Amino acid sequence: MKHISIIIPNEAVLASIVDPRTIFTGANDFLEALGKPAQFKVQLVGLAKDVKVHGGMFSVHADLLLDEVDKTDLIIIPAISGDLVTAVELNREFLPWIVKQYQRGAEVASLCIGAFLLASTGLLNGKECSSHWKTAPEFREMFPEVTLVDGRIVTEQQGLYSSGGATSYWSLLLHLVEKHAGREIAIMASKIYALEIDRKSQSPFVMFNGQKKHEDDPIKKAQEFIENNVTEKISVEDLSSRYAIGRRHFERRFKKATNNTPVEYIQRVKIEAAKKHFETTGKNVSEVMYDVGYSDAKAFRSVFKKITGLSPIDYRNRYNKEAAVA
């Protein structure tokens, strides 16, 4: 039987404590209904017996205190909330324990921005990680030695797991159920809890907001120019010339400041504008394409799908109420 320790961080998101407990105890119920033995012993582990979350609105009762867990097989790190630097500091006591358990063979899985706690252990240095797209700039600033993977729902490396934003952690939980209890139980869980199984990308949900927490003023002005001229065809040469910076130097500075190349940034800004058109207007693909400065339909569709994971028509049908009803 696998021993699962769901830690209860200070400033935790309550659902991300309850949901993993629900799916693993549910998997036990499914197994027993099939005449098979339960696979998971699930316990909530805290720094205190009762941990207040959501600004004191709720209290979570720990089954065990941290120092009462000698050995475990899988550690679940729920999402945290509020100021993330403060939240990490409030949970420092968990970090050496997580490292110790990992070194003794435990797997560790972070849910959503629980990745900030996992990264704070140092175990992810030199490795890839998934997290919520919204906190990506802050994550990269705090953990430059970790490679944050944009768009991916689940990342797994050497017994360390991380998941994308918000409820996409269900995909990681299903993955762990499948790994330890089998495909049949994972499929059953996906059906009982009405979850999409094998979802790979959070790209359709990403809202691009260019990274501007940097001190390179010419690059910041270039970003603003791109965003204010979304209908225009803008080249890297135009931008480097406008701000009197050699092209190669401009590209290096832009990438360093924004984590995107100039071309990627231009594409993301235009596709974000296109998404808004599809969500709120009745325009067809060609009309939206021209509105955001594209004249080549094939190129527009290719870039749109690369960034969102969906074709323009599929995106419009998913997010435009009138299109969905038609």
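In this predicted model, glutamate 178 is partly exposed, at 27% relative accessibility. Its side chain meets that of arginine 183 in a salt bridge, with N and O 3.1 Å apart. Arginine 183 likewise counts as partly exposed, with a relative accessibility of 35%. This pair is one of 13 salt bridges counted in the model.

A further salt bridge joins the side chains of glutamate 237 and arginine 247, at an N to O distance of 2.2 Å. Here the pair links distant parts of the chain, for glutamate 237 sits in helix α9 and arginine 247 in helix α10, 10 residues apart. Glutamate 237 has a relative accessible area of 42% and is therefore partly exposed; arginine 247, at 35%, is partly exposed too. Aspartate 291 and lysine 283 form another salt bridge, and their closest N and O atoms lie 2.6 Å apart. Both partners are again partly exposed, with relative accessible areas of 24% for aspartate 291 and 29% for lysine 283. Elsewhere, salt bridges with shared partners tie Glu107, Glu156 and Lys179 into one network.

Aspartate 19 is buried yet takes part in no salt bridge, and the nearest side chain of opposite charge, that of arginine 21, is 10 Å away. A salt bridge would need a side-chain nitrogen within 4 Å of a carboxyl oxygen. Leaving aside residues up to four places away in sequence, aspartate 19 touches Tyr169, Trp170 and Leu173.

Turning to strand β1 (residues 2-7), this element holds isoleucine 7. With a relative accessibility of 0%, isoleucine 7 counts as buried.

Most residues other than glycine have a negative phi. Cysteine 112, however, has a positive phi, near 55°, and is found in the loop between β7 (107-110) and α4 (115-120). Alanine 244 also has a positive phi, of about 55°, without being a glycine; its place is in the loop between α9 (236-242) and α10.

The axes of α10 (residues 247-258) and α11 (residues 262-280) come within 9 Å and cross at roughly 55°, so the two helices are oblique to each other. On the α10 side, the residues in contact are Phe250, Glu251, Phe254, Lys255 and Thr258, and these meet Pro262, Glu264 and Tyr265 of α11. Sorted by class, this contact comprises 4 nonpolar, 1 polar and 3 charged residues.

Conventions. Residues are numbered from 1 along each chain as its sequence is written. This is a predicted model: local features need pLDDT of at least 70, side-chain atom pairs count only at pLDDT 80 or more; totals for chains, interfaces and linings use all residues. Side-chain values use heavy atoms; hydrogens and water are left out. Axes are lines fitted to C-alpha atoms, for helices over the stretch in contact, and angles run from 0 to 180 degrees between N-to-C directions. Helices (H or I, at least four residues) and strands (E, at least two) are DSSP runs, numbered from the N terminus. Angles under 35 degrees count as roughly parallel, over 145 as roughly antiparallel, 65 to 115 as roughly perpendicular and the rest as oblique. Contact means heavy atoms within 4.5 Å. Ala, Val, Leu, Ile, Met, Phe, Trp, Tyr, Cys and Pro count as nonpolar, Asp, Glu, Lys and Arg as charged, and the others, Gly among them, as polar. Buried means under 20% relative accessible area, exposed over 50%, partly exposed in between (1.4 Å probe, protein chains only). Lys and Arg count as positive and Asp and Glu as negative; His and the chain ends are not counted.
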